[in-house]
Amino acid sequence: MMASSYNAKDEDGHITVSGPGGGALRSKKPENTAFKQQRLPAWQPILTAGTVLPAFFIIGLIFIPIGIGLYVTSNNIKEFEIDYTGVDMSSPCFNCSQNYSWNSTKPCTCTIPFYLEQPYEGNVYMYYGLSNFYQNHRRYVKSRDDSQLHGDMDSLLKPSKECEPYAMHDNKPIAPCGAIANSMFNDTLELFYNDPNGTKVQISLANTGIAWFTDKYVKFKNPGGDNANLTAVFQGTTKPVNWRKPVYELDKNASNNGFINEDFIVWMRTAALPTFRKLYRTIKDSKMVPTLPRGNYTLEVVYNYPVRSFEGRKRMILSTISWMGGKNPFLGIAYITVGSVCFFLGVILLVIHHKCGNRNNSTDISN
Amino acid sequence: MERLHWVQHRCRQLLAGDSERGWYSAPNGLPNKNFLDRHSSPQRVSGKRRTVFARHGPHQQEYEAASKKYKGNAIRTTKYSLLTFLPMNLFQQFHRAANLYFLFLALLNWVPVVEAFQKEITMIPLVVVLTVIAIKDALEDYRRYLFDKKVNNNVVRVFCSKQKTYVQKCWKDVQVGDFVRLSSNEIIPADLLLLYSSDPRGVCYIETSNLDGETNLKQRQVVSDLPFQGAELTLENFRSRIECENPNNDLSRFRGYMEHPNGVRVGLHNSNLLLRSCTIRNTETVVGIVVYAGHETKAMMNNSGPRYKRSQLEKRLNTDVLWCVVLLIVMCLTAAVGHGLWMKNLKDPIFQVDGETSPALAGFYVFWTMIIVLQVLIPISLYVSIEIVKLGQIYFIHNDLALYNEQLDSRIQCRALNITEDLGQIQYLFSDKTGTLTENKMVFRRCSIFGVEYPHEENARRLEVYEAEKTEAGGRSVTLKSGCSGKSLSCRSLSCNRSSVSLHTLTDEAEEEEEDQLTNHIQRKTSAFCSRVAREVVPDPMLVRKLNWLRSPVLTLSDGSSGTPSSLELTYITDFFLALAMCNSVVVSSPSQPRHQVPEARTPLKSLEEIKLMFQRFSFSPFSTLSPPQIRGSPHSFTSRLFARGKTGSFTFPTPPDNTTGRSEPGLEDQLETSKLDSLSRAEGKDAGGMEEREDGTTENTKMSPDERDYDDELLYEAESPDEAALVHAAQAYRCTLRGRSAESLLVDLPGIGSLVVQLLHILPFDSNRKRMSVVIRHPLSGQVVVYTKGADSVIMDLTETPKGADHAQEIYGHIREQTQKHLDSYARDGLRTLCIAKKVLEEEEYEVWLKRQLLAESSIENREELLLESAQRLETHLTLLGTTGILDRLQEEVPETIEALQRAGIKVWVLTGDKKETAINIAYACKLLRPNDQLLTASCGSKEACAALLQQLRLEVQHGEDSLTTGAGNHGKSSSDCGTGFVLVTDGCTLDWALQEDLKNDFVVLSCKCKAVICCRSTPLQKSQVVQLIRDQLGVMALAVGDGANDVSMIQVADVGIGISGQEGMQAVMSSDFAVSRFKHLRKLLLVHGRWCYSRLANMILYFIYKNVMYVNLLFWYQFFCGFSGSVMTNSWVLIFFNLLFTSVPPLIYGVLDRDTPADTLMELPELYQDTQSSKVYIPSMFWFTVLDAFYQSLVCFFVPYFAYAGSDVGDLSFGSPINASALLIILLHQVIESHTLTWIHVLVLVFSSSFYFGFVLLFSVICVTCSPPTNPLGVETLQMSQPLFYIVCALTTVTALLPRLLFRALHNTLHSSAALKSAQMDKEDSERYRRRMQCWNLKHSPANRVPVCVDNPDLEPNSASVMS
């Protein structure tokens, strides 16, 4: 139908051999349908001050309460952050940070005391934070082998080229291969509550339940299935260069060992921004109520992870969370701002509408 | 299938590579495509010749030698074979810049150091495009293969020497030199030289509709002087050798000769050639020898696809795409430099994978990586989208009911598929007059013979009421007092009925009454049969009377006003009608007989000798000396009848009208004699007049008389031009009927004599240079060689001259010339088309001399055209002016309204016509191109210097006029264009010639710029195209040319947009046009509505597309600031690629096809709105940058709102990208909602579909993709994100914030600026309202005058604006 105007013979060198009157019986009259005649009923959004200003008011009216709600929620979230990089001479970790080596055998430990001014209730999450760490660098992000991490035996022994130059070491395949795994965060953080009565209570930190469910149970799999002897399975591979211990010794708990070690999984989910935090532990079944009462605490760090070479920072963060995630006043403020702006614009539009709209109307009436 | 066909073509064009796209592709496929060539380079090199022998003839050896290199008749139009498809197709596809760009990106991605995505992902766009197009190509090629196969296997009968008979063969097996036998309705398999036709006159008819769409039959002629013509063909002994030109694509030219064994050479020309793919009609059997076969046939060499023109918008778009490239490079450079600096500041980071690379080198690598990452910024897919959108637009244009012509059952044809938006930018419209503004249904309106005007009042009245009451026309025709002596005279067995109808006056004698009845009956029948107004011509009573006087010598003239017809005048009159009947190329057929079959040459009532004898007598002693015995009841005996009447004196005397045609020399003699006659015939004049009135009454009762079915073979005339048909019909009305035609003779009925076979010696066909045509005949009665010439008055008037001789004669001739000129002018003033008729009698010797050179010219291969032209010019001199005709060509419906609307829309309308100045001006008045208070500037001069001076003078005049106008308009407070006062330049062909020359053309352009309209009359096709080209190039404006005939082809091709009117004059204009409509009025909707729509749709779509790309790509760019400019992305790479390819590709298409910025009715009513698109207000550079800025803003919002929302949190890179992507999609879709002017359910559906497609895709992907798509494996990302409220909070904030400014801008723009268009619309509504009221008043006052198709007097419509002028 569409092309009936189009003469076949122009097209490809053929002369149509249809006799005269071949299709002449059929009338060429176009169908009188709303679609073909471009008369489809349509909403014509002519955006003028008059039509738009209700939208502005409505947006304002919706956004401002949401913003307030978000702001309040965000403010109710308690968050404590402590930098333990040890840049300053005064910092307890200064010494550890100075003589760093990936392979130093003697662990350097530093103790950082801090004071929580507010009690932390409910689930408290413990994060480690890194700054100026470009986990989103293009080459870095690529440097992993998902099928190896999925438990594929072939990939275990023949890591993907993407892992280069962290694919093979001493002619042995590295498991897990790649730069991401190689640079895995390996500080150990321990939290102690200094009871007002003088005792130092270690707060139990759960190292499971910190990774995504899908990662832990779908994406990451140990080679050879769940109950295999990891030591045997990883036979013939070597640990990443920077690691102290092989992957099958990450944890004693069999369900949190090897590739499905949650610390490892969390690390492998590369951060979007150069300043990021990663969930380290959860404090759930603390015997205390509230979970973290107000008072003095001590953070004991086994300082392994070097960041000073790239001017990075390391932090420990304690936070409660809400339905909107961690503490972030930005969204609340932004909502309130945008809502107010909309409201303000609405008023301006109302004025304009009042002035110009009247003028238009008057001409209409005069007609 | 057809649709597929169409799409295929689009795609092929897409791939065809930019280099091939010229302004318009070489316009092949048209018979007169070489119009320009013919003028510029007439000398075409035809270097070698082709020699053809009969394949199975005696010249076996020569045949083998000669024919080896000739192609067989098999055709192959496929581009590929099975083996070559893949490489060839890929090669073809990579001719396109877009594909090369994709390929470059894909290859770039294979370089490890710059690799941005997985290798396969950058291949996707390329592979998708290549595959889709390859599939289309393959299908198309396969279809062509099938078609080829079908065509090649058609069966035809070919002579086989072994079996000595015709055997069936496939088309593909036909070879050059084969003899092919075809019967009626068969299709010609190759270019054949016609050797035999079953028609006794060696004629065969072909229909060329497959070739050029023309359905009228063309006559072809057997090669002359063939030894076996007429006898049974003995093909085994065909020893002649054929020499002809090498294959070429000129359909209208074929030259060569045939050399017989005895050394005689016979010239071959176009009329001997049967072209492949034409159809044989009305001829039982023809035999031809194949001269060109297969791809060497003219039909195949003429094949070309539809035209490709690049639209203005696309050219502007290319600039913006270049800007996009610049933008891309800037962004990549930024990233490169940034990466270098970032690297420099790093010291041994643990996240650095290869720390060895120097920062500079790393920056260099990043540059290329970024080009891959940001590739979407170059809107390559935009080109494909534009093509698709245009297809959609074409679809709607094609389906518009308003552009459909009910009567012809024809829609608009869109032949160029990619310049729809140019329709919205037309600034100059060049229009042909005839057939474009007018109907091109020519109606004989009046004539002037011998300097006497015959106003044909009845005819005029009939034309007026024609449409209102058809039956009345029949009744009125009865009032004409042309009786008929038919019953007694006609010989039904000979079926030469009309010939027997002689004009006479009736007596009151009873015996004549039945004749009378017959007349009425005939009249009724004629008018009833001929539905078309053109066929009915009501003879002028005075002219009829004069003819009657010729026959009734005893009548005396009592009607003093008309004067006495002298015999010289009568000679003129009869000659005049003979010329009308014979000087044409009309093909005759009748419904009762097979089409185009010339009726048997009937023997006239008397043998020729007898009549000739009689004529001799007659001429020397006309009328008075006749002393006849009356032999009644013997219809065959014309003479007896004649004499009988002469004796009784009261009857009509059926004098043969052409009694003096043969002798122009004896004219003087005649004149002397007629003086005798005058006094003689004066007596009965009154009687005759009285008779007529009396007859009125009687006819009422008798007109239904059922007997006398002589007219059952009503004649049908098929003429090349409607003028010719009108003239032939006019002659028929005066009983001078063309009954048949063959190549060598004409069969003409003459009043009272019957059919005469007139030997046709030559036809010198019409051409636009000579502006005339001639026939050379041997007069059947006098035996003299007579030339009848018919042509444009300017030419004929120059060629006619006063014969040397007596002063008296000279005086008479002078008088005739003077009078005729006066009549010509008055006709032209009435808007009639004028043609002059002249004749010349050749002496035998003179003719012999001319004939020799003519034959030489005809048989020559080189320079044939030039020689023929020269020969024709030699013949057409010293003509005797017979008279002139005025043919009415009515304006098409709604032409004035359309022109007015177009002018209000700011389109300058020029009329380029071949007609006289006066005619053109009158038509211009009639169609409101020229308003009564416009100032007419007439440019007409004879020399270049004069022309230069004139142009200067006119410029001053315009300047002066403008000054007074501005002062006048100052207090009036209105724009001058509305006021209706303007300058209209009228120039003629000669002046135009001078004005178009290099040194004057600037003056001409400047002058014409200041004029509201320009009318160029007497312009040749070449001039038309030159004018269009001049204006287009000098002013850089969009020009539209509209025309209907072959003479408009060059103009149509030169213009930016060529529109053909499919009218009466064949298909050439249509074939070369971009759009073909059937009525001029369709232009209004086509331009004002569709043009504007298409333009604004496309412009908005392009802007939207650029916005979309910039907006999305910038999101990736901003991310670079947070990833060390390393070129990483926060999105899954599949989603990234599909975002443009799938998720957001359909909405812009719908937007581009369906958006309506202003309702059609408004656009039709307020043509001023057209000026928005005309001056391309929608798509200007500032709009581009505005759009880009907005895109930057939106992308900033879209990136940084999520950034701040997630900053410092534990968000992963893909989790971060998820809300960004989602809100980008929402922003992009909602942005379109804001920008759309209409939203229909289709829009809604597509928008909903697009977003749900995106969300469905990413959700599904994040569920099922376990290890796929490293490193951006999306497993679990989206599901987790979308289960969190934060995601929605972020999306909502982002979307609203991003769209706020645009929304605000639109609202404020519409409110405050309130689009000047809308305001002016309101103003104009008042104006147009007022105007309409005024028009209504005027219509009421002048309603009768309004019915006259061409208004001669244009009453002052706007007196108030006239006062401004003064």
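Start with Asp432(B), which sits in strand S15 (residues 428–432) of chain B. Strands here are DSSP runs of E, at least two residues long, and helices are runs of H or I of at least four, both numbered from the N terminus. The model is predicted: local features need pLDDT of at least 70, side-chain atom pairs count only at pLDDT 80 or more, and totals for chains, interfaces and linings use all residues. Residues are numbered from 1 along each chain as its sequence is written, chains are lettered from A and ligands numbered from 1 in the order in which they are written, and side-chain values use heavy atoms, without hydrogens and water.

**Stop 1: Asp432(B)**

Asp432(B) is buried, at 3% relative accessible area. Buried means under 20%, exposed over 50%, and partly exposed in between (1.4 Å probe, protein chains only).

Now show its surroundings. Leaving out residues up to four places away in sequence, Asp432(B) touches Leu437(B), Leu912(B), Lys1024(B), Val1042(B), Gly1043(B), Asp1044(B), Asp1048(B) and Met1051(B). Contact means heavy atoms within 4.5 Å.

**Stop 2: strand S2(B)**

Select residues 155–160 of chain B. This is strand S2, with 5 of its 6 residues buried. S2(B) pairs antiparallel with S3 (residues 165–170) over 6 bridges; pairing takes at least two DSSP bridges. Cys160(B) stands opposite Thr165(B) in S3(B). The two strands form a hairpin with 4 residues between them, and Lys164(B) in the turn has a positive phi of about 55 degrees. On to S4 (residues 179–183), joined to S2(B) by 2 bridges, also antiparallel. There, Val158(B) faces Val180(B).

**Stop 3: the cores**

Select Leu374(B), Ile1106(B), Phe1199(B) and Phe1216(B). Within the largest nonpolar core, of 137 residues, these touch the most other members. Such a core is a set of buried Ala, Val, Leu, Ile, Met, Phe, Trp, Tyr and Cys residues joined through side-chain atoms within 4.5 Å. Helix H37 (residues 1082–1120) of chain B gives the largest share, 19 residues. Apart from this core lies another, of 72 residues, including Ile82(A) and Leu250(A).

**Last stop: all of chain B**

Zoom out. Chain B has 49 helices and 33 strands. Of its 1366 residues, 63% count as buried.
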